[in-house]
Amino acid sequence: MKPDVLVAMSGGVDSSVAAALLLDAGYAVTGVTLKLWGGESDSGCCAVSDVEDARRVAHRLGIDHHVFNFGQEFNEHVIDPYVAAYDAGRTPNPCIECNRHIKFDKLLRRADALGFELLATGHHAAVTVLPDGSTRISRGADVAKDQSYVLYMLDQAVQARLLLPLGSMTKDRVRQLAHELGLVTAAKPDSQDVCFIHSDGGRRAFLGDRIPLTPATIVDRAGNALGRTETVQLVTIGQRKGLGLAGNDDRNYVVDIDRRAGVVTVGPESETFVASTELIDVGWTAPVAEGRYSVQCSAHGSCLPATVAGTTITWDEPHRRVASGQAVVFYDGSHVVGGAIAA
Amino acid sequence: MVHYLDHAASTPARPAAIEAMARQLVHGYGNPTGAHRLARAANRVLDESRDIIADALGATPGEVIFTAGGTEADNLAILGTLEARGGIALCSAIEHHAVLDPVIHTGGVIVGVGSDGRIDTEQLGRVLTPEVSVVSVMLANNETGIVQPLGEVADIVRRRAPQALLHTDAVQALPWVDVADQCRVADLISISAHKFGGPQGVGALVARAGVSLVPRLRGGGQERDRRSGTQNVAGIAAMASAAAETVAERQAQVVRVGALRDRLVDGLTGRLTGVVESGNRQDKTANIAHLCFEGVESEALLFLLEKEDIMASAAASCSSGAMEPSHVLAAMGFSRSLAGGSLRLSLGYSTTEDDIEAALAVIPPAVRRLRERG
């Protein structure tokens, strides 16, 4: 008899197929959907329609399905820090905080209390066992869908209790399996954005309801006014599009943001490059530390060689400035070994 | 074997109700508004059912409006009165959402409760104004089981706002409280069949003679133009059958179930520390054991109980099935963390000693496990 597994089912196609694969592999599978957000939402794991989809998939597979309300924890660990980060001029990644505090902490502890040895999710990534017996979070087989970046914080203890059944599978294969199994989620579009942000108003409406959004003048290096933004909090270092300036002008990259003075400075692309990046909250999830790694600074961004020492990354070649608040993940080949948040 | 301790959510149907329903579906399928023999037979069943419900609620048959459940009855009482008379609605903070939401939606007034879970009658007196046209205070609360002092409420309303109607949501009360007696002071009374051994989706509103309501559903003019739509004759027949049995055996069940409930609550508080019972036991209907366990999350506790075939619930669950924080416990001043460990075990006519023994065997170790590992 294989152990009891709790599968986090978001109501999307990936976690639906993950549950099906585990069932097929002989595990005793129970599905759970997390209710995280009580406000308006139209995507991801927060809408009631997603709970219904997950429930229907569970019924189809013949497994039990439960709903856990982690709304209070989600507010505390994801929503409030998200809003505070924008208010402080950082660019947060709420999915990573949700993984850190909700899915792989709160839910894992809940699973333990309820007698589940293992937790599974539908992330496109794998848990790889190395010859020395230690494990690594590794990139998923579908490079374009790889989600190892958002799992960088999972330590050895968590990895030991984690199943990622989609690690060796392409997204196309996942959808094909879902069709073959007759799951209602088979053709459901991938979630695109942050689950608690409603597509109608977007980030601007969400943040505008919670913090004052203030305007800024857009100037070039010489101080000439080029335009204006109503929401300096939503401007990110390195951004070129969405400022109302000529999007293809290679002198229109955001190179400096002074929110207090209400000034956004744009300059040539070359000014967005740096030799090193400072970090906070550095964590190593494998028994290795410091050295040369490939470093990735956004969910599907490039992964470039650098040396990690203490709280500093020194890039082999000048690297685009990393917005403060972004996750910075260290890879050894296809294995995650650690990560941090850009200072 | 399932130990069903969730009667306040929904009761198993009484055999007599199932029989009445099946008989109607098979043989009595005529539309009661029709002219032929089958139609007249259905209409006769409606009349007889109406007599039984009226009797159970201390009303006359003409005062009974059949609805599709308690929520519709509550909405008709509040919104139908507001539309007929203008003004605003007032209700207690511990009402079911079927009352609370229409009152809030129409800009009404909410009156708090004390830590004992009973309406704050002083505050009620203060906030009653000539503008208030309907006051809604439930007879027994669906989470705590606490019976509200309806007579006292009625006195205050008559004194401070004589123009206002008094509505009471008696959905939880019928098996445990003499509704006909206790609700004499009310102008409007809601009930729901599936709380006393009838089917889901059937209920009734009593609207006293002379109380005018603007209907929420318009159409064929059924229920004396107060609620259009072909009546659910089979469901209504089942409701009446369940109501008749419920009222007939009420006194005996209150004694029997009350003793089981006391054994359950005393057993749990005796076996565990950090258990708080909401309100005073003597204020509660005989069937409700409502406890808060320190250091425990309701969702996790319910999961472990279900694994051992104990069916219970906590606060209200939302449509997704997730547990929502209890507005009732919040109104009583419970901290969010203590309220987050609430458990409602609601007994009923079919509850046995076995069910109680099973709950007493399962709950203490589950609570201990969650306190150790939660």
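**Exercises on domain, helix and chain contacts**

In this predicted model, the C-alpha centres of domain 2 of chain A and domain 3 of chain A lie 26 Å apart.

**Exercise 1.** Determine which residue ranges form the domains of chain A, and describe how domain 2 of chain A meets domain 3 of chain A.

*Solution.* Begin with the bounds: the assignment for chain A gives domain 1 as 4–122 + 165–180, domain 2 as 213–267 and domain 3 as 272–342. Next, take the contacts, in which five residues of domain 2 of chain A touch four residues of domain 3 of chain A. Finally, classify the domain 2 side of this contact in chain A: three residues are nonpolar, two are polar and none is charged.

**Exercise 2.** Characterise the packing of helix α1 of chain A against helix α6 of chain A by angle and axis distance.

*Solution.* Two packed helices are described by the angle between their axes and the distance between the axes. Here, α1 (residues 13–24) and α6 (residues 171–180) of chain A pack at about 65°, and their axes are 9 Å apart. Angles of 65 to 115 degrees count as roughly perpendicular, so α1(A) is roughly perpendicular to α6(A). The crossing of α1(A) past α6(A) is left-handed. From α1(A), the contact draws on V13(A), D14(A), S16(A), V17(A) and A20(A), and from α6(A) on V174(A), R175(A), L177(A) and A178(A). By class, the residues of this contact of α1(A) with α6(A) comprise six nonpolar, one polar and two charged.

**Exercise 3.** Repeat the analysis for helix α9 of chain B and helix α13 of chain B.

*Solution.* The axes of α9 (residues 250–271) and α13 (residues 353–373) of chain B come within 10 Å and cross at roughly 15°. An angle under 35 degrees counts as roughly parallel; therefore α9(B) is roughly parallel to α13(B). In handedness, α9(B) passes α13(B) in a right-handed crossing. On the α9(B) side, the residues are L260(B), R263(B), L264(B), G267(B), L268(B) and R271(B), and they meet E353(B), I356(B), A359(B), L360(B), I363(B) and P364(B) of α13(B). The residues of this contact of α9(B) with α13(B) divide into eight nonpolar, one polar and three charged.

**Exercise 4.** State how many residues of chain A are in contact with chain B, and identify the elements of chain A that give two or more residues to this side.

*Solution.* First, the count: twelve residues of chain A are in contact with 14 residues of chain B. The elements of chain A giving two or more residues to this side are α2 (48–61), β3 (64–69) and α4 (94–113). By class, the side of chain A that touches chain B has six nonpolar, two polar and four charged residues.

Note on methods: Residues are numbered from 1 along each chain as its sequence is written. Chains are lettered from A and ligands numbered from 1 in the order in which they are written. This is a predicted model: local features need pLDDT of at least 70, side-chain atom pairs count only at pLDDT 80 or more; totals for chains, interfaces and linings use all residues. Two residues are in contact if their C-beta atoms, placed from the backbone, lie within 7 Å. Helices (H or I, at least four residues) and strands (E, at least two) are DSSP runs, numbered from the N terminus. Ala, Val, Leu, Ile, Met, Phe, Trp, Tyr, Cys and Pro count as nonpolar, Asp, Glu, Lys and Arg as charged, and the others, Gly among them, as polar. Domain bounds come from an automatic or database domain assignment. Axes are lines fitted to C-alpha atoms, for helices over the stretch in contact, and angles run from 0 to 180 degrees between N-to-C directions. Angles under 35 degrees count as roughly parallel, over 145 as roughly antiparallel, 65 to 115 as roughly perpendicular and the rest as oblique. A crossing is left-handed if the near helix is turned anticlockwise from the far one by less than a right angle, and right-handed if clockwise.
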